[in-house]
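Here is a protein model to work through. Have a look at it before reading on.

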Amino acid sequence: MTSTSSTSSEPEKKTWERRLDEAKSKHRPKLKNWSRDGFAFQREKDFLKSRELKPEHQHHKIDVVDCSSIDKAGFVRIYEENDMPCVIKDIPNQEGWNAATAWTQSKLNSRFKDRYFKCGEDDDGYKVKTRLKYFLKYMKNNKDDSPLYVFDGNFDGDDISRSLLADYKVPSYFTDDLFSLVGEKRRPPYRWILLGPERSGSSVHIDPLATSAWNTILVGRKRWVLFPPETPKSIAKGLDVIQKGEDDEAINYFVDMLPRIREKHGHNLKIYELIQEPGETIFVPGGWWHGVLNLEDTIAVTQNFCSCTNFPSVWRSTRKGRPKMSVRWLKELAKQYPDLAAQALLLNDQDQFAMYNKEADRKKKEAEEMKRKQKKAAKKQKNKDNTASEESKTSHPLTAANLQRVAPAAPASNVVSQVSPAAKAGRKRSDSTSSDSSTSSDSSNSSSSSSSSSSTDSSGSSGDSYIGRIRSYASNKAAYPAGVNTPLVPVVFSRPGSSSSSANHTSAKQFSTSSSSNSSSQKSSHSGQMPQRQESSSSLSSVLGKVHIVPITTEDDQNTASVGESSASKKSDHKSDKKKKKRSLIEAAEGPTGTKVAPAEEPSSKSEESSKKKKKKCTMS
């Protein structure tokens, strides 16, 4: 029972209603209620008022002339050359149009009822079409505020629809059609058949490519509004008077917005208004703002054109809007209208405009593509460099940025442990020479003060000096160029229990001073009999562990080392002298001041005890 009553209360829609609902949903998918403003219901009186044009609204009138009283030359001289709109009466009857009698709703329906006509566009710009028989029923029965509007420019697609072209011809005043030189397939859309229900229409706009237009109405009445080209867009389209939530369709413009424009701008604005009657043709010059409202169900035909009169403005617009077509157009003009072709070239020179060139366009596109790829590669490389920079900050902490984060009172172990992997690899080579270098630095033939300080600095205090220079670099980084490490003094460390060798002794001499290298050459032959000094090395080893520090030598250090090597080679000839050997052993054990050196705190092997005994025997002797 319930389903039966609901079905009876909502009758099934007819086929034409379903088809037109589908078309409306495609044309304006966001609009759910097409009669929300009620111009076919509660506001119908407001719409009916627009059917009458009051005298106070005709401050600027448009000339209305009969086609029998003016020829083409007079029309061009008076109206077209001066860019003034006008209305020409009775062209269909005077020029023998069959459409004057054949273009009625019933006759068109009998001829083209199953043909599809364009009645709108979707959001993607695709045509929305419907059969003519469905649209004609929609014209009679719809109650929409702004109904769909047949505005079809492809009604000559086949022999049947092409018969529409035989029903009319271009008025004699508008026979110039320069766009025809490029052919029907290449030229822009230019002619349309119009079937408009009452309350439908076109919002205020300017025709494309600065073309002029003519419009002949055969059935019904239209209301027009026109503004000169100098009128600002915001005023002509009513953008400064439209209210929030208000639609911008033709019905809203003529009923609500146009009275506000008159009230706000008054007589300072040139507004041309007229009502077009059946059989009348209106001429709209290029660049003029115009809008149309269908006061009744209408049938009309319109066409845009380019003539010799409006060619300069059309050429300037076409060379930008249709660059490829304009090249072909110029070639055809040179063949048939050489004066116009010369005028086009002159306009290009005046405007410094470069015509479309296929080869130049190809190179331009390639350059843009190359620039885009380079920009992409540069961005990728920048990201890669940023990533590498972040990694280097963590893996190489001896940079100025990271050294600033080292606390002044930080333990030596914390600072030295932050040595880069490259530095660690180099210190493995210097570690093997640490024992001999430490031992050789103890026995110097120089003065007493330099001899004692040499052994201390090379073994014990050199590590502190190295750490001090690191901190000094962090605090005085401005004194050195970016990315350059501070030159450090040569430092060699030895570990407890390391034995000397001739290879290690040679490596150690490269990083020692000239005084230490001289003494080391004398002790190389008795290294097996010498007790190794471990006071500084053992204490520093407890701090550094097995970390190897690669010293950075300056040019002066290398020169000093080379001098030490030469002096050491000369003294090696006197190793056979036993007295010199004993004297060197005594000086190494007692020091130049006669002070005995304390033995190692914790001997770690029997070899150290035996060397200690040998030392005592030498001292007694």
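This is a predicted model: local features need pLDDT of at least 70, side-chain atom pairs count only at pLDDT 80 or more; totals for chains, interfaces and linings use all residues.

Residues are numbered from 1 along each chain as its sequence is written, and side-chain values use heavy atoms, with hydrogens and water left out.

Me: How much space lies in the largest pocket?
Reply: A pocket is an open set of points on a 1 Å grid over the protein atoms alone, with protein on both sides within 12 Å along at least five of seven lines. Points are joined across faces, edges and corners, and a volume is the space filled by probe spheres set on them. For the largest pocket this gives about 1000 Å³.

Me: Of the residues that line the largest pocket, which are the closest to its centre?
Reply: Lining residues have an atom within 4 Å of a point. The largest pocket has 41 of them. The closest to its centre are Tyr149, Phe151, Gly201, Ser202 and His205.

Me: How do the residues of this lining divide into nonpolar, polar and charged?
Reply: Ala, Val, Leu, Ile, Met, Phe, Trp, Tyr, Cys and Pro count as nonpolar, Asp, Glu, Lys and Arg as charged, and the others, Gly among them, as polar. The lining of the largest pocket divides into 21 nonpolar, 12 polar and 8 charged.

Me: Is H12 parallel or oblique to H14?
Reply: Helices are DSSP runs (H or I, at least four residues), numbered from the N terminus. Axes are lines fitted to C-alpha atoms, for helices over the stretch in contact, and angles run from 0 to 180 degrees between N-to-C directions. The axes of H12 (residues 311-321) and H14 (residues 338-351) come within 10 Å and cross at roughly 60°. Angles under 35 degrees count as roughly parallel, over 145 as roughly antiparallel, 65 to 115 as roughly perpendicular and the rest as oblique, so H12 is oblique to H14.

Me: How do H7 and H8 lie, roughly parallel or roughly antiparallel?
Reply: H7 covers residues 105-112 and H8 covers residues 132-141. Their axes come within 9 Å and cross at roughly 160°. That angle makes H7, relative to H8, roughly antiparallel.

Me: Which residues in H8 meet H7?
Reply: Contact means heavy atoms within 4.5 Å. H7 brings Gln105, Leu108, Asn109 and Phe112. In H8 they meet Leu132, Lys133, Leu136, Met139 and Lys140.

Me: How many Å apart are Lys26 and Gly120 in space?
Reply: Lys26 is found in helix H2 (residues 15-27). Leaving aside neighbours within four places in sequence, Lys26 is in contact with Glu121, Asp122, Asp123 and Val128. Lys26 and Gly120 are 94 residues apart in sequence. In space, C-alpha to C-alpha, they are 8.3 Å apart.

Me: What does Arg262 touch?
Reply: Arg262 is in helix H11 (residues 250-265). The C-alpha atoms of Arg262 and His57 are separated by 8.6 Å. Not counting residues up to four places away in sequence, Arg262 touches His57, Arg223, Ile271 and Glu273.

Conventions. On a 1 Å grid over the protein atoms alone, a cavity is a set of points where a 1.4 Å probe fits but cannot get out, and a pocket is an open set with protein on both sides within 12 Å along at least five of seven lines; lining residues have an atom within 4 Å of a point. Helices (H or I, at least four residues) and strands (E, at least two) are DSSP runs, numbered from the N terminus.
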